Every structure is written in structure tokens, then in C-alpha cells.
Amino acid sequence: MLVAELLAEPAPPEIIAPPQYSIAWVILAVLCVLVIIALIVVPLRITRGIEQRIAYRSRPSDLEALKAEFLRAVNDVADRHEAGDLEVRAGHHELTGVMRRFVRRTTGHDVSSQDLATLLADPRTRSVGELIRDLYEPDFAPASDRDLRDSVRRAREVIRSWS
């Protein structure tokens, strides 16, 4: 009976406190969070730096940017001619001006008033001089059978092949 009496008695009214966490667990949690942040941030910074260097290396040079600018100007002449806003003679005259500005911007020499012989004599400007020589006839003649599309095509070729 003694056993039955002991089992039947209620537990003493004592509250047992939960075990306390050590400060080591808080420090470990903070370190884990820092490692996770580092694992995310470091690869992102490294890959972005690599991408920026690649983008910087593959950017167009100043000459390529100038070529693109003058190709747009030549295309603008062609587009306005196709739309009927520009006649053949005026288009040839504008192409001559575009090509002279192109030489001035790429070489630094003002060729806007140089004669054709000077352009043809300089090896750097010979291709532009040959184009301008071919543009003179439709540029100044009262009537010409020269097609502006051919002249635009040749101007594009000269600009693209410029070095």
C-alpha cells in the first residue's frame, strides 16, 4: 500500500525554470548570418566587377563612335531623299559636306575649303577625295544621271573602311 499511496500523492507545487541559453548560441547565430551575407555579397561584387571590365573593354572606340555618327548622317540624307524631301542635286551637295566634316572630325584638318587635288594628294584622305570627285558632277551640274543611292552606298563604304 505504501507504493499506492506514494503514487497517488500529487507533485509538489514547484515550478521548474527552463534551462537558460548560453551567450555562445547568440554569437554563433550572428556569425552564421554574417557568413550567409558574405556568401551572397562577395560573388555579386566580383561578378559585377568582371562584367564592368568586359563592358568597358568592348565599348566602341572614339573612331567607331564617329563612324556611327556620320553613318547616321549619311543615312539621314538617304532617308530624306527616299521620302521626297531632298532632290538628287541637294543630296549630293549634303553628302559632300558630310564627308568633309567627317575628315575634319577624324583627322583634325579642316578640309571644308581644300581643293580636290589636296584631298587626293594626302594618303589619309584619298578615299574621301575620290568620293568627293565623283560627287562633284552631280553636285554642280545642272542635270545629272548619277543616282543618289549609289553615292550614299559609296559614302557608307568610305566611312566604314576608314582607319
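**Entry 1, ground rules.** I am working from a predicted model, where local features need pLDDT of at least 70, side-chain atom pairs count only at pLDDT 80 or more, and totals for chains, interfaces and linings use all residues. Residues are numbered from 1 along each chain as its sequence is written, and side-chain values use heavy atoms, with hydrogens and water left out.

I looked up helix 3 (residues 62–82) and helix 4 (residues 88–107), whose axes come within 10 Å and cross at roughly 175°. Helices here are DSSP runs (H or I, at least four residues), numbered from the N terminus. Axes are lines fitted to C-alpha atoms over the stretch in contact, and angles run from 0 to 180 degrees between N-to-C directions. The two helices are therefore roughly antiparallel (angles over 145 degrees; under 35 counts as roughly parallel). I listed residues in contact (heavy atoms within 4.5 Å). Among them are Leu 66, Phe 70 and Val 77 of helix 3, and Leu 95, Val 98 and Phe 102 of helix 4. The residues of this contact divide into 10 nonpolar, three polar and six charged. Ala, Val, Leu, Ile, Met, Phe, Trp, Tyr, Cys and Pro count as nonpolar, Asp, Glu, Lys and Arg as charged, and the others, Gly among them, as polar.

I found His 81 in helix 3. Its side chain reaches the backbone oxygen of Leu 86 at 3.0 Å. Not counting residues up to four places away in sequence, His 81 also touches Glu 87, Val 88 and Leu 148.

The axes of helix 4 and helix 7 come within 10 Å and cross at roughly 10°, so I noted the pair as roughly parallel.

Which residues have the most contacts inside the largest nonpolar core? They are Val 74, Leu 95, Met 99, Val 128 and Ile 159, in a core of 25 residues. Such a core is a set of buried Ala, Val, Leu, Ile, Met, Phe, Trp, Tyr and Cys residues joined through side-chain atoms within 4.5 Å. Helix 3 gives the most to this core, with six residues.

Ala 155 lies in helix 7. At 1% relative accessibility, I put Ala 155 down as buried (under 20% relative accessible area, 1.4 Å probe, protein chains only). Leaving aside neighbours within four places in sequence, Ala 155 is in contact with Val 74, Leu 95, Met 99 and Leu 131.

Note on methods: Angles under 35 degrees count as roughly parallel, over 145 as roughly antiparallel, 65 to 115 as roughly perpendicular and the rest as oblique. A polar contact is a pair of N or O atoms within 3.5 Å; within protein, one must be able to donate a hydrogen and the other to accept it, and residues adjacent in sequence count only if both atoms are side-chain atoms. Buried means under 20% relative accessible area, exposed over 50%, partly exposed in between (1.4 Å probe, protein chains only).
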